[in-house]
Amino acid sequence: MPSATVHVSEGEQSASAQEVQDYPQSDTEISQTRESERPHHFGQSEFTRLHSQWAHMNSRTVHDAPDKEEKWGRYHAVYREARKRWTNVPYHKIAQEIRAWAKQEAQPLRIGDFGCGEGLLFQELRSMADYSDVVQSFVSFDHHIPVEGSEARQARGEHLVEMDFNNRRALRPYMGNDWMDLNCAVFSLSLMSRDWASVFSDIIPALLSTSRANRIFICEATSHDSKLQRLSELLKGNRYELLTAQPETFGNPSFTLLVAQYCPLQVPRNVATHH
Ligand SMILES: C[S@@+](CC[C@H](N)C(=O)[O-])C[C@H]1O[C@@H](n2cnc3c(N)ncnc32)[C@H](O)[C@@H]1O
């Protein structure tokens with residue numbers, strides 16, 4: 001587990017300089033590399049720069065920004081470029097882990113993808129031959145869901161919710177749908193904004209059924225060590241137990257996957273009930 005100092009209280013609301021810079025490679029590192037040694041510097045640099053900007057903003061500010069169609073279009077274009085240089089992509093890894101868990105449970109899962117981007121996780125799961133053994137329902141949340149392609153996504157069984165997932169009130173119109181009763185939540189590179197920690201107080205308790213086992217999958221750049229440390233603490237503080245003492249790291253650039261399972265309160269057997 002990364003062992004960097006934990007930023008608490010107000011600090012938890014502000015991204016550390018290190019977190020911002022090296023996602024997944026810092027602009028400083030890029031600028032220190034000679035032009036001739038930068039085969040794909042443009043996409044990576046702009047992806048990092050956009051992340052730096054948003055890491056300093058609350059999600060509401062990001063959500064309310066004008067020109068969404070254009071901004072998110074550009075963002076996903078540079079994200080696609082950056083991925084070409086990654087040896088392993090988080091949503092692939094998460095899809096495999098989800099599949100393995102569904103098989104172990106012997107029942108399909110009700111999945112929420114928080115910060116779905118272009119819906120790549122859903123596509124990955126949908127392409128599996130045993131999709132219906134793995135997925136019972138799938139809902140994708142994002143600041144911006146492009147109109148183009150959304151009909152096709154829905155036709156394949158993906159529920160699309162355009163909202164700031166840090167905003168619990170925005171969930172209200174959707175509550176009551178059976179596909180909102182989740183037992184699997186995914187945050188793949190999506191805990192981006194300054195106030196990311198509020199998903200633990202606002203969203204997870206509202207959407208994840210606590211009457212039975214449920215799991216949260218979170219993937220972050222390994223270089224975000226203080227954020228990963230804080231995430232582990234928040235999970236534990238909310239009765240989620242990390243499945244492995246040492247979270248798995250993979251790929252180059254390196255990503256860390258946290259998988260945590262909800263542990264319902266154990267009532268001691270010898271506690272008498274008084275009337
Ligand atoms: C780096 S992309 C990752 C996309 C996808 N999860 C993946 O792994 O490929 C991060 C996505 O999270 C979304 N996101 C971040 N914070 C959000 C929030 N508070 N509400 C809704 N979407 C959010 C962004 O809009 C963006 O599409």
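Q: In the hairpin of β7 and β8, which residue takes a positive phi?
A: This is a predicted model, where local features need pLDDT of at least 70, side-chain atom pairs count only at pLDDT 80 or more, and totals for chains, interfaces and linings use all residues. Residues are numbered from 1 along each chain as its sequence is written. The hairpin has 4 residues between its strands, and the one with a phi near 80° is glycine 251.

Q: In β8, what is the bridge partner of phenylalanine 250?
A: Strands here are DSSP runs of E, at least two residues long, numbered from the N terminus, and two of them pair if DSSP finds at least two bridges between them. β7 (residues 248-250) and β8 run antiparallel, joined by 3 bridges. Phenylalanine 250 is partnered in β8 by phenylalanine 255.

Q: Which residue stands opposite phenylalanine 255 from β5?
A: β5 (residues 215-221) runs antiparallel to β8, with 7 bridges joining them. Opposite phenylalanine 255 stands alanine 221.

Q: How many residues of β8 are buried?
A: Buried means 20 or more other C-beta atoms within 10 Å of a residue's own, with C-beta atoms placed from the backbone. β8 is mostly covered, the buried count being 7 of its 8 residues.

How values were computed. A residue is buried if 20 or more other C-beta atoms lie within 10 Å of its own, exposed if 12 or fewer, and partly exposed in between; C-beta atoms are placed from the backbone.
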